[in-house]
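Please walk through this structure with me, stopping at a few local features along the way.

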Amino acid sequence: MKKGLLFVVAIGLLAAGPVFAHHGTAGYDMAKVVTLTGTVTKVDWSNPHIVIYLDAKGASSDIEHWTLEFSAPLLMTRSGWTKSSVKAGDQLVAETHPAKDGAPVGISGTATFLLKFVVNGTPLPHS
C-alpha cells in the first residue's frame, strides 16, 4: 500500500514540474521596471494569460511594438479588472518588467503582483 501511494505522489510531482516551469519569470528582468506610454493595438483576454499589445515610443522616438503578459482572466478579474478595462485604441501608461534579452516583451502581472496601469487617464487596480 505504501509503495503504491509513494508511486502516485512521485508521478504527480513529476507531472507538475512543467506546469511550474511554464509560469516562471526567468526570462524577465524582475529587478527592473520600465514605464511605457502608447496606444493599445490589441488585447487577448483569454486563458492561460491575458496579453496586451502596445505601440510605444522607444528611446530613439521610433515606435516599438510591445507585448505585455498578465495573469489568467480569473485572477485579473479578482484584482478588479474587466474584459473592457483595456481595449484597442486606448492610451496606456504601463509599467512592466522587460525581457532580459532586450526584446520588446514584458510581464506586468502574475498571481503575486500587478504593476501600475493608467488607461485614458484612469488608473486600474494594482497591487
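**Salt bridges and loops**

Asp-90 has 7% relative accessibility, so Asp-90 counts as buried. Buried means under 20% relative accessible area, exposed means over 50%, and partly exposed lies in between (1.4 Å probe, protein chains only). This is a predicted model, in which local features need pLDDT of at least 70, side-chain atom pairs count only at pLDDT 80 or more, and totals for chains, interfaces and linings use all residues. Residues are numbered from 1 along each chain as its sequence is written, and side-chain values use heavy atoms, with hydrogens and water left out.

Stay with Asp-90. Its partner in a salt bridge is Lys-87, with the closest N and O atoms 3.6 Å apart. A salt bridge here is a side-chain nitrogen of Lys or Arg within 4 Å of a carboxyl oxygen of Asp or Glu. Lys-87 counts as partly exposed because its relative accessibility is 43%.

How many salt bridges does the structure hold? It holds two. Asp-44 and Lys-42 also meet in a salt bridge, at 4.0 Å from N to O. Asp-44 counts as partly exposed, because its relative accessibility is 25%. Lys-42 is at 43%, so Lys-42 is partly exposed.

Next comes the loop between strand 1 (34-44) and strand 2 (51-57), where His-49 sits. Strands (E, at least two residues) and helices (H or I, at least four) are DSSP runs, numbered from the N terminus. Pro-48 lies in this loop between strand 1 and strand 2. The peptide bond from Asn-47 to Pro-48 is cis, with omega near 5°. Most peptide bonds are trans, and most residues other than glycine have a negative phi.

Is His-49 buried or exposed? His-49 counts as buried, because its relative accessibility is 16%. The His-49 side chain reaches the backbone oxygen of Phe-70 at 3.1 Å. That is a polar contact: a pair of N or O atoms within 3.5 Å, where within protein one must be able to donate a hydrogen and the other to accept it, and residues adjacent in sequence count only if both atoms are side-chain atoms.

Now turn to positive phi. Ser-61 is not a glycine, yet its phi is positive, at about 70°. Ser-61 is in the loop between strand 2 and strand 3 (63-69). At 53% relative accessibility, Ser-61 is exposed. Asn-120 also has a positive phi, near 50°, and is a residue other than glycine. Its place is the loop between strand 6 (117-119) and strand 7 (122-123). Asn-120 is partly exposed, at 46% relative accessibility.
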